[in-house]
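Please keep the sequence and the structure in view while reading.

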Amino acid sequence: MIKLASSFAAFTLAAAPALAQDQFADCRASTVGAAQIGGPFELVDDTGATVTDADVITGPTLVYFGYTFCPDVCPLDAARNALAVDFLAEAGHDGVTPVFITIDPARDTVEIMRDFADVMHEDMIGLTGTDEQVKAAATAYRAFYRAHRSGDEFYLVDHSSFTYLMLPEIGFVEFFRSGASADEVAEATACYLDAL
Amino acid sequence: MIFRPAAAFAAFALLAPLASAHEYTLGDLTIDHPMSFATAATARTGAGYVVITNTGETDDRLLAARADFPRVEVHEIVEVDDVMSMQHLESGLVIPAGETVTLQPGGSHVMLMGLSAPFEVGDEIPITLVFEQAGEIEVMFNVEARAGAEEMDHSEMDHGEMDHSDMNHDNSETEVSQ
């Protein structure tokens, strides 16, 4: 993978001072303004039902934004998250849910999201929605995306590739980059769950 | 067209994943282990991965790939500040003399667009790789299960013990932008 320096400042994660009483202090890889990532969303689940963040994030949740036309990074990251959930279950942390939110709702129908999520993990939730719903969710999570509309069905979409660890009541606690391994995601997630 | 060997063969292939590694030679190039991953039923894209070694003394270039799909391109993943972008390598991918170039997840791949049927474990996908120097060759990309995805049996995977006491984030990247 080629990494270039640039200034996609719009989606970068804003730093903030650590809280004085931080129960997760030993877990944090970085100090990120938790209040600035995540929040309310309304999307459509893989049964076609409209759901909110409260319906989806009912336990520890790994939230990823991507699209199913992406053949490489998105399935790589989604499978990584699925594997991390399995590792966590083996280590006694059942019930961590992987979530995949499309940033390409024009192509990612409810059926396509269901198929994609089912192939990745039995517990994975695939979410789509209207352009407005997806835009609002991505904005809440500071996820960046930009479609290269080519006028045909084969267009590609640039997108940030963070996975966000969300906890009910608490909200955002950590993010993982595309390069993190399933073990790294599982270990870091376990640290937060142990500190609850 | 996708070749779908008899079920018995597919079952055997699952039991012997190492047997799926296969190799081709074209001039100075060795083309090893062309593969792809199984996809969802409604998937419209797939990616082909392969290891190419140039044993010669002249650089070569993977100019293009052809296959029986509406669009096939050689792509590279470019990451800019954690934003992933797929770029079509219109002038090809250089295979330097004496070196090995690996098309692998998160790096570069042959992108297959407009699938009319999903890729299933055991399928063989014929793809013609076109090189500037060595010419072209049709190779079979074997479809394999993706680790982590549902077809995979995790029980025998060696992912080490999770030892939380040994966690050390000091080496983690913390260049969070202000």
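**A helix, a sheet and a contact between chains**

In this predicted model, the cover over the buried residues of helix H4 of chain A includes strands S2 (42-44), S4 (61-66), S5 (97-102) and S7 (145-148) of chain A. Helix H4(A) spans residues 131-140, and Val134(A), Ala137(A) and Ala138(A) are buried in it. Viewed down the axis of H4(A), its buried residues fall within an arc of 95°, so they line one face of the helix. Just after H4(A), Arg142(A) adopts a positive phi of about 60°.

Two of the covering strands, S4(A) and S5(A), also belong to an open sheet of five strands in chain A, with the order S6-S5-S4-S9-S10 and mixed pairing. At its edges stand S6(A) (125-127) and S10(A) (171-176), each with a single partner strand, so one side of each has no neighbour in the sheet. From one strand to the next, the twist averages 25°. S5(A) and S6(A) run parallel and are joined by three bridges; Val99(A) is opposite Ile125(A) in S6(A).

Helix H5(A) (residues 182-194) lies across S9 and S10 of chain A, at about 155° to S10(A).

Strand pairing also links the chains. Strand S8(A) (residues 156-160) pairs with S6(B) (residues 83-88) in the antiparallel sense over two bridges, and His159(A) stands opposite Met84(B). Within chain B, six bridges join S6(B) to the antiparallel strand S5(B) (residues 71-80). The hairpin of S5(B) and S6(B) has two residues between the strands, and Asp81(B) takes a positive phi near 50° there.

How values were computed: Residues are numbered from 1 along each chain as its sequence is written. Chains are lettered from A and ligands numbered from 1 in the order in which they are written. This is a predicted model: local features need pLDDT of at least 70, side-chain atom pairs count only at pLDDT 80 or more; totals for chains, interfaces and linings use all residues. Two strands pair if DSSP finds at least two bridges between them. Helices (H or I, at least four residues) and strands (E, at least two) are DSSP runs, numbered from the N terminus. A residue is buried if 20 or more other C-beta atoms lie within 10 Å of its own, exposed if 12 or fewer, and partly exposed in between; C-beta atoms are placed from the backbone. The arc is that of the directions from the helix axis to the C-beta atoms. Two residues are in contact if their C-beta atoms, placed from the backbone, lie within 7 Å. Axes are lines fitted to C-alpha atoms, for helices over the stretch in contact, and angles run from 0 to 180 degrees between N-to-C directions.
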